[in-house]
Amino acid sequence: MSNKPQLTRSKLPISGRIVMFFIRHIQHAMASMGELWRNPISSLMTMAVLGVSLSLPAALQVLVKNAETITQSWNSAAEISLFIDEGRSERTIKSLITRIKVYPEVSEVNYINRDQALEEFQRLSGFGEALSYLDTNPLPAVVTVTPSLKYSSPVGARELLKKLELEPEVSFGRLDIEWLERLQAVVRLLERTVLAIAALLVLAVVLVIGNTIRLAIMNRRTEIEVMKLVGATEAFIQRPFLYTGIWYGIIGGVLAWIIINLLVWYLDSALAELLGLYGSQLEMQSLTLIELAQLVGLASFLGWLGSYLSVRQHLRAIEPS
């Protein structure tokens, strides 16, 4: 009889135990995927529900991201128009422009003299022939000022306008920015809406997965009782169900990403046509790879959480008779 000691689990080196730990988890992950494959109809229906549920807050997030991009582009394009007092000489106006360019709040300054203003008005108004009969040019010279990024917000632009109107050559200034404030208010409302809807749908995802895992546990009740009779630990029994929830979350997250891309593709041409009316050439942005990874990671966590809550509640209630 050999005196060679048996290699039990407790006598495995730590590296071997780590390897066995990962091997067991991989086995359970593959086994849980096999369970889903053996029930394709019910599994796909559950995944589709999760995908649609996750796509709703993700779609709103994409909407908010595009709205913020559009707002930022219009912020940077916002201009202050300064109308110059009639009778000011070109030399005086150039001196004004030189002073304004020194302002730290100013990014760019352009000058439109009276002749250029009249020519532009004739071109855009459609009254070109009628205006040619005027004896004098009624339009003032205009200096357009583009605020720097820091002062491109409605509040910052108004502060800059008040400062510029103090210049002696300026008759008055104009800043048409109320529409931008309304747009920013809508964006803030959308952000809060995203958070509220996301919270509700996160709860819905957890409940759907929890109920799905509960049904799976009930269907395998006899198997679980036998496993407990032969001494299987709770961790060993619950692990396949946890991986099932994770698979539900991962595939549901990928389905949500596909839905978002299809939605962006469908709306892109309509958005481009709308923005073209406002002189913007921005393209609609979809989820980035980082956002995709965050979406799938969140979905897999929700799948694990729903499974864990269901497993902890229902496995304890099953005891071999």
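This is a dialogue on reading the features of a predicted model of one protein chain.

Trainee: What should be settled before reading this model?

Mentor: The model is predicted, with residues numbered from 1 along each chain as its sequence is written, and side-chain values use heavy atoms, leaving out hydrogens and water. Local features need pLDDT of at least 70 and side-chain atom pairs count only at pLDDT 80 or more, while totals for chains, interfaces and linings use all residues.

Trainee: How many helices and strands does the protein chain have?

Mentor: Helices (H or I, at least four residues) and strands (E, at least two) are DSSP runs, numbered from the N terminus. The protein chain has 10 helices and 4 strands. Their order from the N terminus is α-α-β-α-β-α-α-β-α-β-α-α-α-α.

Trainee: What span should helix α1 have, and what are its end C-alpha atoms apart?

Mentor: The expected span of a helix is 1.5 Å times one less than its number of residues. Helix α1 covers residues 14-38, so its 25 residues should span 36 Å, and the end C-alpha atoms are 36 Å apart, which agrees.

Trainee: Which residues of α1 are buried?

Mentor: Buried means under 20% relative accessible area, exposed over 50%, and partly exposed in between (1.4 Å probe, protein chains only). In α1 the buried residues are G16, H25, H28, A29, S32, G34 and L36. Across the protein chain, 36% of the 321 residues count as buried.

Trainee: What share of the contacts joins residues 24 or more positions apart?

Mentor: Contact means heavy atoms within 4.5 Å. Among contacts in the protein chain with a separation of 6 or more, 81% join residues 24 or more positions apart. S300, in helix α10, gives a local case: leaving out residues up to four places away in sequence, S300 touches I246, G249 and I250. S300 counts as buried because its relative accessibility is 16%.

Trainee: Which residues touch the most other members of the largest nonpolar core?

Mentor: In soluble globular proteins, nonpolar side chains tend to be buried together. A nonpolar core is a set of buried Ala, Val, Leu, Ile, Met, Phe, Trp, Tyr and Cys residues joined through side-chain atoms within 4.5 Å. The largest one here has 29 residues, of which L54, I217 and I224 touch the most other members. Two or more residues come from each of α1, α2 (40-77), α7 (178-219), α8 (221-229), α9 (234-276) and α10. Helix α9 gives the largest share, 8 residues. Not counting residues up to four places away in sequence, I217 touches I224, F241, S310, V311, H314, L315 and I318. A second, separate core has 19 residues, including Y103, V109, L161 and L164.

Trainee: How many aromatic pairs does the whole structure hold?

Mentor: A pair of aromatic rings is described by the distance of the centres and the angle of the planes. Rings of Phe, Tyr and Trp (its six-membered ring) pair if their centres lie within 6.5 Å; planes under 30 degrees apart count as stacked, over 60 as edge-to-face and the rest as tilted. The whole structure holds 3 such pairs. F83 and F172 are stacked, at 4.7 Å centre to centre and 25° between the planes. This pair links distant parts of the chain, since F83 is in strand β1 (residues 80-84) and F172 in strand β4 (residues 170-174), 89 residues apart. F172 is partly exposed because its relative accessible area is 43%. F301 and W304 form another stacked pair, 6.1 Å centre to centre with 25° between the planes. Both lie in helix α10 (residues 289-314), 3 residues apart, about one turn of the helix. Ring pairs join F301, W304 and Y308 into a cluster.

Trainee: Which ring does the charged end of K163 sit over?

Mentor: A charge sits over a ring if NZ of Lys or CZ of Arg is within 6 Å of the ring centre and within 35 degrees of the ring normal. The charged end of K163 sits over the ring of Y103, 4.6 Å from its centre.
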